[in-house]
Amino acid sequence: MSYEASWDRIHQPGQDDDWQESDCYWFYDAEAGVGGYQRIGQKPNIGAGQVTLFAFARDGGRFTLNDGFVNDRPISADDRWEDGHQVDSHRADSLGDGRMRYRWNEGGCTGDLEFYQSFHTPRGWSKTGHEESFMEAMNPGGHLECSGRLRGRVEIAGKSYDIDALAHRDRSWGFRDFSGFDYHRFRMFSGTVGEELSLATFVCDTAQGRTVAGYVVRNGVDEDIADLRVMVTIDADGLTAIGGMTHVTLASGEILKIPHRGVQGYVTQFAANNSFLVDTISEIEFGGKTGFCDSVHCINPARGSRMPEQDDTPYLAVDRGASTFVDYNL
């Protein structure tokens, strides 16, 4: 599938209760020291929505809100329109030409941001179809990924920040049912340094096998990946990602080696079975340039008996964001 403007607009729901549509993005402005993640998801056939929000400043402020794909909020037909949708105060609007506007208002944390520049044409996980069977269960309707720049204002803990950040966004629509997957391990690595390199990748090990999908775009030339290895440096709690190294094997056989260092992270619930994953906004280095990525990892999450809590360890990154005891600047 080639990108069409309709990908960024609201889609007609299918018949299934588990038909969903969602927007999410992550960002980091190294100069302002501000970054985060927002997801707005809807299941319009059952009048349900979910939101996830993680916003932080390196000077100490942070805010996290996590519905974890399972805590539904009521939505109505008025929460969907031709070029946008919302769940409570969390809103995404298509502005045309690949631009998006994202907003939220959670009392002490607000945001009004515009994804205003794309480094490449928005595209799906794969052009070769090598992940087709997996995505048929996850997002048979469609999936968009794109890196670029995002600007606007974020307020965290009463302090306001103007940002112009590197960013990566996605949109998905179609039937989605996590219950069919027995997740053993999942790693995702998506981000950008600018037009010189953008990437969106994941590898998932399930009881049914291993799936690798994603792409790399360098100066407008894109290529599917053949393999992915995300190696993470983890603190003593066994969860907090301080940094790591990622090897991306391209379809051509070339291997890109990308070091990353954690900035801040949190733990989020992934599905309805007490599984969870660690999501870390990180800085990356490639070709002499510094960029950012969203690095996700989990260790046998479906075997977890419960979500971890802040008191489990002083180093744990959980729903309130990274622990104040953690020093990511090693």
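Analyst: Buried means under 20% relative accessible area, exposed over 50% and partly exposed in between (1.4 Å probe, protein chains only). The model is predicted, so local features need pLDDT of at least 70 and side-chain atom pairs count only at pLDDT 80 or more, while totals for chains, interfaces and linings use all residues. Residues are numbered from 1 along each chain as its sequence is written, and side-chain values use heavy atoms, with hydrogens and water left out.

I begin with the charged partners. The structure holds 21 salt bridges, each being a side-chain nitrogen of Lys or Arg within 4 Å of a carboxyl oxygen of Asp or Glu. One of them joins the side chains of E21 and R171, with 2.7 Å from N to O. Because E21 lies in strand 1 (residues 19-29) and R171 in strand 12 (residues 159-175), this pair ties together parts that are 150 residues apart in sequence; strands (E, at least two residues) and helices (H or I, at least four) are DSSP runs numbered from the N terminus. Both E21 and R171 are buried, and these two residues also belong, together with D23 and R80, to a network of linked salt bridges.

A second salt bridge connects D88 with R73, whose closest N and O atoms are 2.8 Å apart. Here D88 sits in the loop between strand 7 (84-87) and strand 8 (90-96), whereas R73 belongs to strand 5 (residues 73-74), so that the pair ties together parts that are 15 residues apart in sequence. The two partners fall into separate classes of accessibility: D88 has a relative accessible area of 44% and is therefore partly exposed, whereas R73, at 17%, is buried.

E285 and R261 form a further salt bridge, again with the closest N and O atoms 2.8 Å apart. This pair links distant parts of the chain, with E285 in strand 19 (residues 276-286) and R261 in strand 18 (residues 255-269), 24 residues apart. E285 has 25% relative accessibility and so counts as partly exposed, and R261, with a relative accessible area of 37%, is partly exposed too.

The aromatic partners come next. Rings of Phe, Tyr and Trp (its six-membered ring) pair if their centres lie within 6.5 Å, and planes under 30 degrees apart count as stacked, over 60 as edge-to-face and the rest as tilted. By this rule there are 11 aromatic pairs. Among them is the stacked pair of Y25 and F27, with 6.0 Å from centre to centre and 25° between the planes. Y25 has a relative accessible area of 1% and is therefore buried, and F27, likewise with a relative accessible area of 1%, is buried as well.

W125 and F202 make an edge-to-face pair, in which the ring centres are 4.8 Å apart and the planes stand at 80°. Since W125 lies in the loop between strand 10 (109-118) and helix 1 (132-138) and F202 in strand 14 (residues 197-206), the pair ties together parts that are 77 residues apart in sequence. Both W125 and F202 are buried. Beyond these pairs, the residues W26, Y28, Y37, F54, F56 and Y266 form one aromatic cluster.
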